[in-house]
Amino acid sequence: MKFDLTINSKRRYENFIKSVSESKTVWGLKSEDGWCVYESNDNKDTGVMLFWSEEVYARQCAVEEWMHYKPTSIPLDKFINWLYKMNADDLLVGVNWNTNLIGLEVDPFDLYKELGEVVLLEIYEVREKIKQLDESSAKSLLMIIYARLDTALNGTGGDEVIKQTVKDLFDMYSKLPDSKKFKK
């Protein structure tokens with residue numbers, strides 16, 4: 001039976017990586033007291049911070065002693081930075097644990113490296129697509145980025161302008177031709 005649980009835990013971990021990489025969102029359980037931390041099943045003196053790839057999975061675990069916790073979304077970039085800090089705090093990370101609170105306990109740095117690789121691959125993909133832009137399109141893209149960030153950084157735009165700039169950049173990115181279609 002334990003072997004079965006390990007296989008399912010690994011599968012849930014792999015699903016976490018895939019889903020979070022696509023959605024760019026991680027879910028945790030948070031209350032007025034902070035984020036939920038569970039005692040490690042393997043190392044009794046170690047805390048495990050639990051996260052899920054979907055809100056519904058987090059909500060399923062917000063029962064009994066955790067019923068006062070609410071599913072709370074975390075942007076992937078913030079989560080990746082957070083993992084680096086968790087590593088320094090000697091915490092473990094549990095991802096996509098089931099309702100019996102069974103799942104893999106991973107070192108935050110290992111998850112940091114794995115999710116960081118996903119983000120890095122996306123950066124390389126964006127870079128390749130940008131290389132395919134003609135000069136006029138590239139200049140337009142740079143002017144938009146500069147104008148938006150300048151407005152936000154000089155205090156007249158604030159967080160909303162930064163968020164809108166990021167959204168616009170992702171929209172432009174999605175419209176770029178697929179670099180795989182071009183011959184190198």
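Q: Which residue in strand 5 stands opposite Val 26?
A: Val 26 stands opposite Ile 74. Before we go on, a word on where this comes from: the model is predicted, so local features need pLDDT of at least 70 and side-chain atom pairs count only at pLDDT 80 or more, while totals for chains, interfaces and linings use all residues. Residues are numbered from 1 along each chain as its sequence is written, and side-chain values use heavy atoms, with hydrogens and water left out.

Q: How do you know that strand 1 and strand 5 pair?
A: Strands are DSSP runs of E with at least two residues, and helices are DSSP runs of H or I with at least four residues, both numbered from the N terminus. Two strands pair if DSSP finds at least two bridges between them. Strand 1 and strand 5 (residues 70–75) have six bridges, in the antiparallel sense, so they pair by that definition.

Q: What makes strand 4 and strand 2 partners of strand 1 as well?
A: Strand 4 (residues 47–52) joins strand 1 over two antiparallel bridges, with Gly 28 opposite Phe 51. Strand 2 (residues 34–35) also pairs with strand 1 over two antiparallel bridges, and there Lys 30 has Trp 35 as its bridge partner. Strands 1 and 2 form a hairpin, with two residues between them.

Q: Why is strand 1 called largely enclosed by the rest of the structure?
A: Buried means under 20% relative accessible area, exposed means over 50%, and partly exposed is in between (1.4 Å probe, protein chains only). Strand 1 covers residues 25–31, and five of its seven residues are buried, so it is largely enclosed.

Q: Why is Trp 35 called partly exposed?
A: Its relative accessibility is 22%, so it falls in the in-between class.

Q: What makes Trp 35 and Trp 82 an edge-to-face pair?
A: Rings of Phe, Tyr and Trp (its six-membered ring) pair if their centres lie within 6.5 Å; planes under 30 degrees apart count as stacked, over 60 as edge-to-face and the rest as tilted. A search of the whole structure finds eight aromatic pairs. In one of them, Trp 35 and Trp 82 are 5.1 Å apart centre to centre with 65 degrees between the planes, so the pair is edge-to-face. This pair links distant parts of the chain: Trp 35 is in strand 2 and Trp 82 in helix 3 (residues 76–88), 47 residues apart.

Q: Why is the pair of Phe 109 and Tyr 112 called stacked?
A: The centres are 5.6 Å apart and the planes 20 degrees apart, so the pair meets the limits for stacked. Phe 109 and Tyr 112 are three residues apart in helix 4 (residues 108–131), so about one helical turn separates them.

Q: Why is Glu 64 called exposed?
A: Its relative accessible area is 64%, so it belongs to the exposed class. Glu 64 lies in the loop between helix 2 (55–61) and strand 5.
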